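Please consult the sequence and the model shown here.

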Amino acid sequence: MIFSDKIKQLRIESGKRQKDLAKAIGVDVPAYSRYEHGERRPKREQVLRLARIFKTDPDELVAMWLADEAYSHIAHDKMAVRAAELLRDMLEGGSATASEDIPVKPVTTTVAVKRGLVASMGRSVMPHYEQGDAATVMRRIEDDSIDCIVTTPPYWRRRSQGTESISARTREEYENDLLATMAQAWRVLKPTGSLWLNMGDDTTDGFVQGIPWRVLLQMMDTQGWHLVNEVVWNKTTTSPQGSQDHLRKVHELMFHLVKDEDFYYNDEELRRTFALIMHGSKGQGRVPRGKAHQLMVPSDVWTIGVQRSGIAHYCVAPDTLYRLPLVATCPRGGIVLDPYCGTGTACKIAYEMNLRSIGIDINPEYIKKAMASTEAKPLSLF
């Protein structure tokens, strides 16, 4: 076993005891011992913690962990050698036949990429925009550097203008493209950080495809994400629907996911903001700081109207849908990332909150509109 031998070697070289490492990653000593004997597999977040403890390359350790997973499934099969060849071809961009015959889950590769995007931004809160494919651009972002990711990926098959960030031909390709981006999201997000993923679904031949749940379960099972909440976005207004055998769809799902149980969460600011936005027009007024605990905890159903844009076939994410997650889970001085930023709603709100932000989109016209939507704040002498 490559991975089990490696962590044993690293532990011995570091002079640490199994007891110390077990406590650091949140398991008992017998469980950790089974990791070193190859009898049990740790979770991805535990592998990353071990990499930080051992001060070793996290990508390399995760790659060994993934290799062990693949090997455990095929080692004793007579077609193992051929399967390994096909897997290698697919990971290296090989034949289309191989990729069509045997679909694989996206993995974090160990290809050398020059990182330092966050460092290059300095301390300015002016949004930083990058044009390009989300997963590709994100490889330039440093490990554990982002405090909050909030995003709405392009809908599957809803928009066909030829300028969307995910241009997959099939539902499976769409899911895999999105999972590749979420694998990068895991790497760049701080252990205390949060990911808010808003997703729409698709109906094919009269049946709902369950795409948000398909993607979510893959993220939890293969990438190590933990689901904190499933938020139902009640959109209140939708396009007319003429079906006579389906209910009218008026909601989307937003998932709050984290890497670690010790994630940042500002309950007081969330309650204050939620009360102000949802009830401000009903005489609730501003809620004083320190009094927010007297307010009801916000529910997991958010009634927020759809926000239109001036772009044909395109709707922007409503401000409130992004503001609530940022208020709740991005600390003061934090960094926000939207890998499918469109016209820049998340970055605009981050700017208003004096947070640094990175927006990524493949469409240069969207990037231009995003940059134009944010005006520089006047300098203050005080």
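**Salt bridges in the predicted model**

Q: Is Asp147 buried or exposed, and what is its relative accessible area?
A: In this predicted model, the cut-off for a buried residue is under 20% relative accessible area. Asp147 falls in the buried class, because its relative accessible area is 5%.

Q: Which residue meets the side chain of Asp147 in a salt bridge, and how many residues apart are the two?
A: The side chains of Asp147 and Lys190 meet in a salt bridge, at 3.1 Å from N to O. Asp147 belongs to strand β2 (residues 146–151) and Lys190 to strand β3 (residues 189–199), so the pair links distant parts of the chain. Lys190 is partly exposed, with a relative accessible area of 25%. The partner of Asp147 is Lys190, and the separation is 43 residues.

Q: Which helices hold Arg11 and Glu36?
A: Arg11 forms a salt bridge with Glu36, with the closest N and O atoms 2.5 Å apart. The pair ties together parts that are 25 residues apart in sequence, because Arg11 lies in helix α1 (residues 2–14) and Glu36 in helix α3 (residues 29–36). Both Arg11 and Glu36 are buried. The helices are α1 for Arg11 and α3 for Glu36.

Q: What is the N to O distance in the salt bridge of Glu352 and Arg323?
A: Glu352 lies in helix α14 (residues 345–352) and Arg323 in helix α13 (residues 319–329), so their pairing ties together parts 29 residues apart in sequence. Glu352 counts as partly exposed, at 42% relative accessibility. The side chains of Glu352 and Arg323 meet with an N to O distance of 2.7 Å.

Q: How many salt bridges does the structure hold?
A: Salt bridges that share partners join Asp59, Arg115, Asp143 and Arg187 into one network. For the structure, the number of salt bridges is 20.

Terms used:
Residues are numbered from 1 along each chain as its sequence is written. This is a predicted model: local features need pLDDT of at least 70, side-chain atom pairs count only at pLDDT 80 or more; totals for chains, interfaces and linings use all residues. Side-chain values use heavy atoms; hydrogens and water are left out. A salt bridge is a side-chain nitrogen of Lys or Arg within 4 Å of a carboxyl oxygen of Asp or Glu. Helices (H or I, at least four residues) and strands (E, at least two) are DSSP runs, numbered from the N terminus. Buried means under 20% relative accessible area, exposed over 50%, partly exposed in between (1.4 Å probe, protein chains only).
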